[in-house]
Amino acid sequence: MSFQQIFNKPPETEASAPGRVNLLGEHTDYNDGFVLPTAIPQCTTVQLGFSSDRQHHFYSENFNEQVSILDINYTPSGFASYIFGCIEVLQQAGYTIPSLFVYVKSSVPMGSGLSSSAALEVATLRAIRKLLNLPINDVEVAQLAQKAEIHYAGVQCGIMDQIASSLADTEHILFLDTRTLERRVMPLPDGAEIVVIDSGVPRTLASSGYNQRRAECEQAARSLGVKALRDITIVEALEILPEPLRRRARHVVTENNRVLEVLQGVSSQRFGELMNASHASLRDDYEVSVPALDTLVDMLQKTPGVFGARLTGAGFGGACVALVTAGEARSITTRILEQYNQAGYSGQILVPSWEL
Ligand code: GLA
């Protein structure tokens, strides 16, 4: 069903934003650390119109579901909470938002760790910015989107997903220092391309250990007397911490160092080794992997033509990312998927994308 069919008039405007896949720098953003995401081809599109009944009406094509906000004290759940959150944070920032018809459709896989929620938030904010001509830049869009996610979707996330959705493209990787927001756009490693395979094991971020991991990191930083774990660069400094804080902090410190090594310029081979080390650290020290992700990563790492592979996003399920020899993405992913599904899973190739 189109906007016209749902709301009986054409949209006034529309905007889109992509999902993202993080290549390196996992669980570092809320520690003021470094990340290396890139945009994926799948995106979310938001169309807007003015509603005349003084109520917001949101429609999701993916869920074929309509939500009307009759009372502004009512906070919706599901897809509507992200849109509602964006409207609320704009209002808190001093903008007057009229009643809206909002139509959403998305090709970003949900629950795979590819930031479908950030894509929805950034697309919503971009569309409202366009509709009302608001003087908000792309970094501010990301910051407002993060605020919406924290306060209305209940995830104590960092800024990576929203910055990636707002600023990254599919041709480059985006280095981001999450403390200073200093950025550098970098080419993909030489002769390499990215593949993403979903493990088929769903991941529920809010109910997972995400907020708990974040709290552990903050506790570790307090015990070490630093503002954030970003301020620690050598693992020996972590010896005074009790377990599991020491393991958690060791992941963050080593992961930041891996991203900084890439920033110096590394071969595809080395980039892949750093991704493999990142997975081991997320599995053993940060404990956010699950058997399905370990199986998939292991199959990828053993396949000729794969430079390196790791889980991507928060973990606890979702997708794996790998760096493979350019030109071999389709043959490698097809082969791995067959092998993985024969082991009893129901994985899916997400990048390269066949549908787009
Ligand atoms: C989620 C969060 C991000 C980041 C990653 C883990 O995607 O939204 O802010 O913390 O997990 O790297």
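These legends describe close-up views of a predicted model. Local features need pLDDT of at least 70 and side-chain atom pairs count only at pLDDT 80 or more, while totals for chains, interfaces and linings use all residues. Residues are numbered from 1 along each chain as its sequence is written, and side-chain values use heavy atoms, leaving out hydrogens and water.

**View 1. The shell around the ligand.** Arg-20, Glu-26, His-27, Asp-29, Tyr-30, Cys-157, Gly-158, Met-160, Asp-161, Tyr-210 and Ala-314 surround the ligand (near: a heavy atom within 4 Å). Five of the shell residues are nonpolar, two polar and four charged. Here Ala, Val, Leu, Ile, Met, Phe, Trp, Tyr, Cys and Pro count as nonpolar, Asp, Glu, Lys and Arg as charged, and the others, Gly among them, as polar.

View 2. A polar contact here pairs N or O atoms within 3.5 Å. A side-chain N or O atom of Glu-26 is 2.6 Å from a ligand oxygen atom. His-27 places a backbone N or O atom 2.6 Å from an oxygen atom of the ligand. For Tyr-210, a polar side-chain atom lies 2.6 Å from an oxygen atom of the ligand. The protein covers 97% of the 310 Å² of accessible area that the ligand has on its own (Shrake-Rupley method, 1.4 Å probe).

**View 3. Met-299 in helix 9.** Helix 9 spans residues 291–301 and contains Met-299 (helices are DSSP runs, H or I, of at least four residues, numbered from the N terminus). Met-299 counts as buried because its relative accessibility is 13% (buried: under 20% relative accessible area, 1.4 Å probe, protein chains only). Leu-337 is 38 residues from Met-299 in sequence, and their C-alpha atoms are 9.5 Å apart in space.

Technical notes. Polar contact = N/O pair within 3.5 Å; in protein donor to acceptor, adjacent residues only side chain to side chain. Helix = DSSP H or I, 4+ residues; strand = E, 2+ residues; numbered from the N terminus. Buried < 20%, exposed > 50% of the residue type's maximum accessible area, 1.4 Å probe, protein only.
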